[in-house]
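Take a moment with the fold before reading on. The paragraphs below walk through it piece by piece.

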Amino acid sequence: MKQLARICGSVLIIGSFTASLFAVSEDPLQQFKLASLAYQNGRLDTAEQEYEAFVKNYGDHRLAPQARLALGEIKFAQKKWPEAADEFTTVIKKFGSSYEGMNAELRFGQCEFNMRKYLSAIDHFDRVKNHAPKALRSEALLGAALSMMALDSH
């Protein structure tokens with residue numbers, strides 16, 4: 001009886017593992033939902049794989065900027081500042097002055113701040129402050145102020 005329970009348990013574990021490996025959906029919205037659900041549940045490694053699959057398979061989809069932003073957010077949460085900055089740079093280059101582009105600019109400034117590149121961070125925060133929608137401006141002002149304090153320029 002115990003052997004049967006072990007076999008069933010092993011099959012369930014292997015089945016759940018392979019299901020996560022082959023979670024690429026033919027429907028872009030379904031793929032994005034899988035990635036978002038993993039991210040919301042704190043499964044960053046799984047979310048990263050799902051978002052990367054989304055970007056690879058549906059790079060021209062309308063949700064591609066959000067997927068790229070999420071990849072940057074995941075790397076930011078893992079304190080991988082240079083890698084997060086790379087993801088945010090991709091969004092900035094591709095989506096420029098859109099909301100996603102300005103959000104990526106803000107987050108790029110925050111990466112620069114965390115890498116102690118305060119002057120560069122201030123430049124990014126100023127761009128957001130001058131060109132972004134109101135929703136992002138207050139964070140840019142805060143980032144610029146913190147950067148100036150870090151430079152002892154207050």
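Where is the place of Lys79? Lys79 sits in the loop between H4 and helix H5 (81-95). Its phi is near 60 degrees, a positive value in a residue other than glycine. Most residues other than glycine have a negative phi. Lys79 is exposed, at 60% relative accessibility. Here, exposed means over 50% relative accessible area, buried means under 20%, and partly exposed lies in between (1.4 Å probe, protein chains only).

Some ground rules come next. This is a predicted model, in which local features need pLDDT of at least 70, side-chain atom pairs count only at pLDDT 80 or more, and totals for chains, interfaces and linings use all residues. Residues are numbered from 1 along each chain as its sequence is written, and side-chain values use heavy atoms, with hydrogens and water left out.

Now the overall plan. The protein chain has 8 helices and 0 strands. Its pattern along the sequence is α-α-α-α-α-α-α-α. Helices (H or I, at least four residues) and strands (E, at least two) are DSSP runs, numbered from the N terminus. The protein chain has 154 residues, and 38% of them count as buried. Its accessible surface is about 9500 Å², with 57% belonging to carbon and sulfur atoms. That area comes from the Shrake-Rupley method with a 1.4 Å probe; for residues, only the protein chains shown count as cover. Contacts tell of the chain's folding back. Among those with a separation of 6 or more, 44% join residues 24 or more positions apart. A contact means heavy atoms within 4.5 Å.

Turn to the interior. In soluble globular proteins, nonpolar side chains tend to be buried together. The largest nonpolar core here has 14 residues. Such a core is a set of buried Ala, Val, Leu, Ile, Met, Phe, Trp, Tyr and Cys residues joined through side-chain atoms within 4.5 Å. Phe32, Ala47, Tyr51, Phe54 and Ala67 have the most contacts inside this core. Helix H2 (28-40), helix H3 (44-57) and helix H4 (64-77) each supply at least two of its residues. H4 gives the most, with 5 residues. Another core lies apart from it, with 11 residues, among them Ala85, Phe88, Val91 and Ile92. Back in the largest core, consider Ala47. Leaving aside neighbours within four places in sequence, Ala47 touches Ala35, Ala38, Tyr39 and Ile74.

Next, the aromatic rings. The structure holds 6 aromatic pairs. Rings of Phe, Tyr and Trp (its six-membered ring) pair if their centres lie within 6.5 Å; planes under 30 degrees apart count as stacked, over 60 as edge-to-face and the rest as tilted. Phe32 and Tyr51 make an edge-to-face pair, 5.7 Å centre to centre with 70 degrees between the planes. Phe32 lies in helix H2 and Tyr51 in helix H3, so this pair ties together parts that are 19 residues apart in sequence. Tyr39 lies in helix H2 and Tyr51 in helix H3, so the pair ties together parts that are 12 residues apart in sequence. Tyr39 is partly exposed, at 29% relative accessibility. Ring pairs link Phe32, Tyr39, Tyr51, Phe54 and Tyr58 into a cluster.

Move on to helix H6 (residues 99-114). H6 is mostly covered, with 13 of its 16 residues buried. At 1.5 Å a residue, its 16 residues should span 22 Å, and its end C-alpha atoms are 23 Å apart, which agrees. The expected span is 1.5 Å times one less than the number of residues. Just after H6, Arg116 takes a positive phi of about 65 degrees. Arg116 lies in the loop between H6 and helix H7 (118-131). Arg116 is exposed, with a relative accessible area of 65%.

Arg107 lies over the face of Phe76, at 4.0 Å from the ring centre. A charge sits over a ring if NZ of Lys or CZ of Arg is within 6 Å of the ring centre and within 35 degrees of the ring normal.

Finish at helix H8 (residues 134-150), which holds Met149. Met149 is partly exposed, with a relative accessible area of 47%. The C-alpha atoms of Met149 and Tyr118 are separated by 9.4 Å, though the two are 31 residues apart along the chain.
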